[in-house]
Amino acid sequence: MARLILFNKPYGVLCQFTDARNPTPRPTLSDFVDLPGVYPAGRLDLDSEGLLVLTDDGRLQARIADPRFKTPKTYLVQVEGEPDEPALEQLRRSVRLKDGSTLPAEVERIDPPQLWPRDPPVRFRKTVPDCWLRLTIREGRNRQVRRMTAAIGHPTLRLVRWRVGDWALDDLAPGSWRESTG
């Protein structure tokens, strides 16, 4: 039976178990998850937060992470400014990035979600509004969501992955993990 771990990766944590290349070690998965033989299925950037799925099953890991399987990944995204409907429609159709066009995304504006405080906090500017989006993609290019929102003129301020396939973060606190049965 494959092990499946759902982990709420905090901001500033490296999405691997060691940080040998950096002279000043950063927090890694090993600071939170002390289970031998499990590995992340996909990645989250250092400055992104939220759901990371870990497993000891290589086939499952590939199915989750490999873009050809189109596993949906849903993010709560705080963006600078307030995207209008044409900007959101551009995300829904496809956004042209340097490495090619994205697949269509599902996106909607949402009320600010009830999340834990981020450390450090997102910079606040009185003169620049922000808003939250729920964005679902079915690929996983490097920093893709950030590049997509920047391409429509609304840079990402905070990025929290909420769901991967059928697995959701729900009430899992930052730095905590739980085993899932399926």
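This is a short tour of one predicted model, stop by stop. Local features are described where pLDDT is at least 70, side-chain atom pairs count only at pLDDT 80 or more, and totals for chains, interfaces and linings use all residues. Residues are numbered from 1 along each chain as its sequence is written, and side-chain values use heavy atoms, with hydrogens and water left out.

**Stop 1: K9**

Select K9, which is found in strand 1 (residues 4-9). Helices (H or I, at least four residues) and strands (E, at least two) are DSSP runs, numbered from the N terminus. K9 is buried yet has no salt bridge. Buried means under 20% relative accessible area, exposed over 50%, and partly exposed in between (1.4 Å probe, protein chains only). A salt bridge is a side-chain nitrogen of Lys or Arg within 4 Å of a carboxyl oxygen of Asp or Glu. For charge, Lys and Arg count as positive and Asp and Glu as negative, while His and the chain ends are not counted.

Which side chain of opposite charge is nearest to K9? That is D47, 7.2 Å away. Now show the backbone oxygens of D45 and L46. The side chain of K9 reaches the one of D45 at 3.2 Å, and a polar atom of that side chain lies 3.5 Å from the one of L46. Such a polar contact is a pair of N or O atoms within 3.5 Å; within protein, one must be able to donate a hydrogen and the other to accept it, and residues adjacent in sequence count only if both atoms are side-chain atoms.

**Stop 2: D47 and its partners**

The side chains of D47 and R143 meet in a salt bridge (3.1 Å, N to O). D47 is in the loop between strand 2 and strand 3 (49-55), and R143 is in the loop between strand 8 and helix 3, 96 residues apart. D47 is partly exposed at 23% relative accessibility, and R143 is partly exposed at 34%. R146 also forms a salt bridge with D47, with the closest N and O atoms 3.7 Å apart. R146 counts as buried, at 13% relative accessibility. The whole structure has 16 salt bridges.

**Stop 3: F7 and F32**

The structure holds 1 aromatic pair. F7 and F32 form this pair, which is tilted, at 5.6 Å centre to centre and 45 degrees between the planes. Rings of Phe, Tyr and Trp (its six-membered ring) pair if their centres lie within 6.5 Å; planes under 30 degrees apart count as stacked, over 60 as edge-to-face and the rest as tilted. F7 is in strand 1 and F32 in the loop between strand 1 and strand 2 (39-40), 25 residues apart.

**Stop 4: helix 2**

Select helix 2 (residues 85-93), whose buried residues are A87, L88 and L91. They cover an arc of only 100 degrees around the axis, so they lie on the same side of helix 2. The arc is that of the directions from the helix axis to the C-beta atoms. P86 and R93 are exposed on the other side. The buried residues pack against strand 7 (106-110), strand 8 (130-137) and helix 3 (144-151), where contact means heavy atoms within 4.5 Å. At the start of helix 2, a side-chain oxygen of D84 reaches to within 3.0 Å of the backbone nitrogen of A87.
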